[in-house]
Amino acid sequence: MRKRVEDFTIINNRQVNSEYYILDIQSDDDLPELLPGQFAELRVDGSNTVFLRRPISFYDVDYNNRTISLLIQEVGKGTRQLAGAVPGDILNMIYPLGNSFSSEGVTRALLIGGGVGVAPLLFLGKTLKSNKVDVNFLLGFRNRDFLVDVDKFEACGNVFITTDDGTFGEKGTVLDHMLIKTGLKEYDKIYTCGPQVMMKAVALLAEKENTDCEASLENTMACGFGACLCCIQKTIHGNLRVCVEGPVFNTKEIIW
Amino acid sequence: MVDLAVQIGNLKFKNPVSTASGCFGYGYEYEDFMDVNRLGAIFVKGTTGSNREGNPYPRMAETPSGMLNSVGLQNKGVDYFISDIYPKIKDYDSHIIVNVSGSTIEEYVEVAEKLNELEKIPAIELNISCPNVKEGGMVFGTHCPSAIEVTRSVRKAFAKTMIVKLSPNVTSIHEFAKAVEGAGADAISLINTLLGIAINAKTRKPVLSTVTGGLSGPAVKPVALRMVWQAYHSVKIPIVGMGGIMNATDAIEFILAGATAVQIGTANFIDPAVSMKVLDGIESYCLENGFSDVNDLIGALET
Ligand SMILES: Cc1cc2nc3c(=O)[nH]c(=O)nc-3n(C[C@H](O)[C@H](O)[C@H](O)COP(=O)(O)OP(=O)(O)OC[C@H]3O[C@@H](n4cnc5c(N)ncnc54)[C@H](O)[C@@H]3O)c2cc1C
Ligand SMILES: Cc1cc2nc3c(=O)[nH]c(=O)nc-3n(C[C@H](O)[C@H](O)[C@H](O)COP(=O)(O)O)c2cc1C
Ligand code: FES
C-alpha cells in the first residue's frame, strides 16, 4: 500500500478523561484502505521542543465520512501539544504505516488491551466482526474514569472489564481476570496491545495454552517507514523494524 | 536555467543534493514519497564485511532540535548487499554510493574490494567516524595515523571515487582533512554525528542502551558549518557537507561555507520528500540571486 504525506483537518477533539482524548480527523480525499494495527506518524506543529513525528494507531475509521479517529494518551510534550488541537486545525500525517493483525482462519478471538493500548483493538474488533468472527474484549483500565467508549466495543462483541481499583468491572489488571486464568484455550486467536509487561505475560499464557497470539508493539521511532533502524525489536529472525515488519508480531517470534 | 552539476573527484553529480547514510535506507524506502532518481546521489547504509545486528533497543533519543542514535551499523553485510540489494537499486538515475564501515583495516579493504567490482557503484564513502561501534569506526576517525592508514589501504583496493567521511569528535578537523587528502581521498564528507548522552532523570538511567550515541539534526548545524568552512580552507579536494540541513537555505549555507555537494540526513524522517524541496530551493535561490551556475556559490562566503 502506498504511503503518503497528507494534511488532515481536525473536526473534533473529545476529552475522554484527565489524560485521554480522541481526535477525529478528516481527509479532503477518499481514504486509502487502512488495516487494523496500522498507524500514522503525526507531525507536531507549534512546539519548539518536539522534533520528531509521533506514531499513533488508527482507533476508528469511517470511510464514508473520510474520517479517522485517534485515541491519544497525554504522556509528554508531543501528546500534550496535540491535546490542544481545535476543529479546523491541520494535522499532517505520514500514513498508512506498518503491517496489520492477521485474521485468517480465526473464528473466535479474544482482544486483550490495557489502558491506551485498547486503541488499535477497536478498529480490529470492528473489522473482525464484519468478517463474522466471534469477538471478545478483555480491557483493563486504571479506574472508572479511564474507561473508553465501552459502547463502541460492545457493538463489536462481548466486553469484559477490569479496573485497578475495582470501581468498574473486576478489580485488578487483565492478568487477574478469570478469562485469562482459565479460558484462553477457548479462543483460536489472542490479540494484545498495552504495557509491555502485560503483553509479555499474555503471550506466555497464550503459549502455554497453545493459542496463537499477536501483540502490537510501541517502540520509539524516528522515521516510522523503515529508513533509520531505530525502532527494532529482537526476534527469532534477528532485529526487525517495528515500523515495517511490525508493529504487530506473532508473539512466538518475539524475544522479550 | 541554472547549471546545477557539480564534480566530486572523477564523478559528476547532476546536482549537489544527496541523502545521508543511515537516514535514507537503500533509497526504495522513499519511493512512495518522491522520485529518488532526481537526487545527485544516494549514500546508502553503512555496509560491513559480514552481518551485524547492531546495538540493543533503545537506540534512539529525541533531544532539543535533534536526536541521538546508537543503531550501530545494523546491516546484512557486503555479500548480501551485492546479491540482494544492489540489483534493486543499481538502475536508479542517481549515483549509488556505499558507506563502507568496519572494525579492522582488513574489513574495510575487503568491503571496498568487493564493491570495486560493481559496475553501478561509482564511489564509496569510507566511514571512519561511526561513534556507535565498540571497535573500529570512530577510532579510525579520531586518531590521525589510523585515519591515514585506513585511507591508504582502501585507496589501494578501490579504483573509483573514494570519499572519506570525517568525525566531528576531534579538536582539529583540518588536520584530519589534510591527512586523508594526503592519503589518497578524492573528496571528504562531514560531519558524522557528535558523541552525546541522553539521561532519563526519572529512572536515573541513560535513554540509550549504549549510554552514548550520535547527535544529528539542526542542533549540530553550527558546528558542522564551522567544520566544513575550516576543512575548505585546508584542503583542495571537494567537500560534501552535512549536519542538520532541514531546508534549501541550510544547504546553501553549507555550499557557501565550502561544500561542493550536501547530504540530508535526519530531516528525511520528518519530511520524507525534503530533499526535493532542497533541490528546488537551491535552483530558485540561484535564479533569484543571479547565479547561473551553482559552482559559483561554493566557498563564496564573504568574510
Ligand atoms: C506503532 C505505535 C502506535 C502507537 N499508538 C498509540 C495510540 O494509538 N495512542 C497513544 O496514546 N499512544 C500510542 N503510541 C505511543 C505514542 O507514540 C507515544 O506515547 C508518544 O510518541 C509520546 O510522545 P510525547 O511527546 O507525548 O512523549 P515524550 O515527551 O516523547 O516522552 C514522555 C515519556 O513517555 C515515554 N515514551 C515516549 N514514547 C514512548 C513509547 N513509544 N513507548 C513507551 N514510552 C514512551 C518517554 O520515555 C518519556 O518518559 C504508539 C506508539 C507506536 C510505536
Ligand atoms: C539513524 C542514523 C543512522 C546513521 N547511520 C550512519 C551510517 O551507517 N554511516 C554513516 O557514515 N553515517 C550514519 N549516520 C550519520 C549521518 O549520515 C549524518 O552524518 C549525520 O546524521 C548528520 O547529518 P544530519 O544532521 O542531516 O542527520 C546516521 C545518522 C542517523 C540519524
Ligand atoms: S522508525 Fe525508522 S526504521 Fe522504524
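In this predicted model, ligand 1 makes a polar contact with A:Ser57: a polar side-chain atom of A:Ser57 lies 3.0 Å from a nitrogen atom of ligand 1. A backbone N or O atom of A:Gln73 lies 2.8 Å from an oxygen atom of ligand 1. For A:Gly78, the corresponding distance from a backbone N or O atom to an oxygen atom of ligand 1 is 2.6 Å. Taken alone, ligand 1 exposes 890 Å², and the protein buries 76% of that area.

The shell around ligand 1 numbers 20 residues. Those that come nearest are A:Arg54, A:Pro55, A:Gln73, A:Gly78 and A:Thr79. Three elements of chain A give two or more residues each to this shell: β4 (54-57), β6 (67-73) and α1 (77-83). Strand β4(A) supplies the largest share, with four residues. By class, the shell holds 10 nonpolar, seven polar and three charged residues. The space that ligand 1 takes is the largest pocket. Its setting can also be described by domain. Domain 1 (4-97) and domain 3 (217-256) of chain A both give residues to the shell, so ligand 1 lies between them.

Ligand 2 was examined in the same terms. A polar side-chain atom of B:Asn99 lies 2.9 Å from an oxygen atom of ligand 2. The side chain of B:Lys165 also takes part, with a polar atom 2.8 Å from an oxygen atom of ligand 2. B:Gly217 contributes through its backbone: a polar backbone atom of B:Gly217 is 2.9 Å from an oxygen atom of the ligand. Taken alone, ligand 2 exposes 610 Å², of which the protein buries 98%.

Around ligand 2 there are 22 residues. The nearest are B:Ser21, B:Lys165, B:Gly217, B:Gly244 and B:Thr266. The surrounding residues come from chains A and B, so the site is shared between chains. By class, the shell comprises six nonpolar, 14 polar and two charged residues. The space that ligand 2 takes is the largest cavity.

Backbone geometry was considered next. Most residues other than glycine have a negative phi, and most peptide bonds are trans. A:Pro96 is found in strand β7 (residues 90-97) of chain A. B:Pro58 belongs to a loop, the one between β4 (41-47) and β5 (60-63) of chain B. A:Asp149 lies in the loop between β9 (134-141) and α3 (150-154) of chain A.

Note on methods
Residues numbered from 1 in each chain as written. Chains lettered and ligands numbered in written order. Predicted model: local features only at pLDDT ≥ 70, side-chain atom pairs only at ≥ 80, totals over all residues. Heavy atoms only, no water. Near = heavy atom within 4 Å. Polar contact = N/O pair within 3.5 Å; in protein donor to acceptor, adjacent residues only side chain to side chain. Areas by Shrake-Rupley, 256 points an atom, 1.4 Å probe, with all protein chains shown as cover. 1 Å grid on protein atoms, 1.4 Å probe; cavity = no way out; pocket = protein on both sides within 12 Å on 5 of 7 lines; lining within 4 Å. Sits in = over half its atoms within 2 Å of the grid points. Nonpolar A, V, L, I, M, F, W, Y, C, P; charged D, E, K, R; others polar. Domains from an automatic or database assignment.
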